[in-house]
Amino acid sequence: MYEFAVAPAVTNIRRRGVEISEVTPESLGAEMDLEPGDRIIKVNGRVVRDYLDFRFHTAGETELLIEVRKKTGEDWELELERAEDEDFGFSFDQIVPRQCANECLFCFCKGNPTDARPSLFVRDEDIRLSFLYGNYTTLTSITEDELQRIIEQRLTPQYVSVHATDLDVRAYLLGVDKERADIGEKLKRLLDAGIEIHAQVVLCPGINDDEVLLKTIHDLAAEYPRITSMAIVPLGLTRYNTDTRLTPVTPGFCRNVVHQLATVQEQLRSRLGTNFAFLGDEIYLRAGLGIPGRSHYGEYPQIEDGVGMVRSFHDDFARTIKRLERNGADHLSKSPGTIFTGTLFAPVLQKLINKLNARFHTQLSVVAVANGYFGGDVSVAGLLTGRDLLAASEQLEGEFAIIPKQMLKSDEAIMLDGMSTAAVEEKLGVPIHAVDLSGLTNLLLSVDTNQSD
Ligand code: SF4
């Protein structure tokens, strides 16, 4: 979930052009007398809808006619010449995302508590955010303009939620009719135009598993390497999602899927040279099985979707330990502290931290925090909230706390339940460091952990 990218949809009204949010001093943009609040409407006669358009229409152009609506309401036309690679020094407004027109059975929006912040209810389905951040789209309501834009502006790769290639099943899962659910022609156009596609399946027991899943893998793999990879992630149900058509994912279900996929992956590997269909880390963890080794994931094509993230972290951490053994660990922080994480990842992290503590006399503890805010089977670290941390506060040990960075809004230290990091810090009485997995090892190695971020 890329909440930072969808937040403006709640607060912004769509207007013409793209708004400049910052201008670097002494840049070309500053020389043009443009300032924050001004909107670029057209470049060389072509309409600018967002900053991707601006970049596309200006790329490689040395002679430009730029139409601007000043924040004062004046309209300017600016003619200029620039060196081909000369930067304008502009920062722009975030993209206001287009909304989806589906009614997916498993939509996360239906599983939000009613008091969750408004941006969590935004159903984004935007090919630009797919290109920029790896957000998945279903392509069910993509317009001709958008298809052409992907192709013309080379917005590749695109991330597509396929869920099932069986049309009846896809339509049922997305809550749309079969005509809308059928994206065969659209996909073909993108693939024929050289657009790289990464596919996703949200696996719902009893709906798109077993034979339906095998068919989906088979159909998508037939397009390899044009379809580069496929991520299979489990359905997640909060306590608010009570749709009786959905069956929770159990450890037994996950074990079956892992075993079923092992054979398929072996066949794909020998035929394509890649496993192609990758299971989300959550499936292995819920199954109680080990995460596959490094070579299983190739170039980690779906790491942002939680596929291979645990393997990558595990290997980074192991490398860090080796480096410390080689170079000495005098600089390693020995202050006692607590790492809060979700119940799913806690056992993995606990093992690694135990190793670190034993070898280098660090004093870190790991606390598995239950997700009381969303409830259900939500156990990933990124969906923990401030009140979940406070509920686990008695387990806090030491002088600082580390939390997953994904718990916070990207542009503000606010958690999903609206609590600020500062408020939680105050209640816990220790500084909090919010880090992602790759930042965790760096943090332990480098900083004075008694100062908050
Ligand atoms: S595509 Fe489906 S899951 Fe995604 S926001 Fe729309 S309804 Fe929800």
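**Sheets and helix pairs in a predicted model**

Reader: Which residues of α6 and α9 meet?
Author: From α6, E144, L147, Q148, I150 and I151 meet K186, R189 and L190 of α9. This is a predicted model, and the contact is read from it.

Reader: How do the residues of that contact divide between nonpolar, polar and charged?
Author: The contact of α6 with α9 has four nonpolar residues, one polar and three charged.

Reader: And the geometry? At what angle do the two helices pack, and how far apart are their axes?
Author: Helix α6, residues 144-152, packs against helix α9, residues 184-192, at an angle of about 20 degrees, and their axes are 9 Å apart. That makes the two helices roughly parallel, as an angle under 35 degrees counts as such.

Reader: Left-handed or right-handed crossing?
Author: Right-handed, where α6 passes α9.

Reader: Other helix pair now. What are the angle and axis distance for α13 and α14?
Author: About 0 degrees and 11 Å, for α13 at residues 309-327 and α14 at residues 346-360. α13 is therefore roughly parallel to α14.

Reader: What's in that contact?
Author: On the α13 side, V310, F313, H314, F317, I321, L324 and E325. They meet V348, L349, L352, I353, K355, L356, R359 and F360 in α14. By class, the contact of α13 with α14 holds 11 nonpolar residues, one polar and three charged.

Reader: Which strands does α14 lie across?
Author: α14 lies across β11 and β12, and runs at about 175 degrees to β12.

Reader: OK, the sheet those belong to. What's the strand order?
Author: β12-β11-β13-β16, four strands in an open sheet with parallel pairing.

Reader: Which strands are at the edges?
Author: β12 and β16, the latter at 432-435. Each has a single partner strand, so one side of each is left without a neighbour in the sheet. From one strand to the next, the twist averages 25 degrees.

Reader: How many bridges join β11 to β12?
Author: Six, between β11 and the strand at residues 364-369, and the two run parallel. One of the pairs is F340 with V367 in β12.

Reader: Is β11 buried or exposed?
Author: Buried: six of the six residues in 337-342 are, so β11 is largely enclosed by the rest of the structure.

Reader: And the other end of the sheet, how many bridges between β13 and β16?
Author: Four, in the parallel sense, with β13 covering residues 401-404. A401 has I432 of β16 as its bridge partner.

Reader: There's another sheet, with β7 in it. What's the order there?
Author: β7-β8-β9-β10, four strands in an open sheet, with parallel pairing. The edge strands are β7 at 158-161 and β10 at 277-279, and each pairs on one side only. Direction ignored, neighbouring strands in this sheet are turned by 25 degrees against each other on average.

Reader: How many bridges join β8 to β9?
Author: Seven bridges join β8, residues 197-203, to β9, and the strands run parallel. H198 stands opposite S229 in β9, and L203 stands opposite P234 in β9.

Reader: How many of the residues of β9 are buried?
Author: Seven of its eight, over residues 227-234, and β9 is mostly covered.

Definitions and conventions. Residues numbered from 1 in each chain as written. Predicted model: local features only at pLDDT ≥ 70, side-chain atom pairs only at ≥ 80, totals over all residues. Heavy atoms only, no water. Axes fitted to C-alpha atoms, helices over the stretch in contact; angles between N-to-C directions. Parallel < 35°, antiparallel > 145°, perpendicular 65-115°, else oblique. Left-handed = near helix turned anticlockwise from the far one by under 90°. Contact = heavy atoms within 4.5 Å. Nonpolar A, V, L, I, M, F, W, Y, C, P; charged D, E, K, R; others polar. Buried < 20%, exposed > 50% of the residue type's maximum accessible area, 1.4 Å probe, protein only. Pairing = 2+ DSSP bridges.
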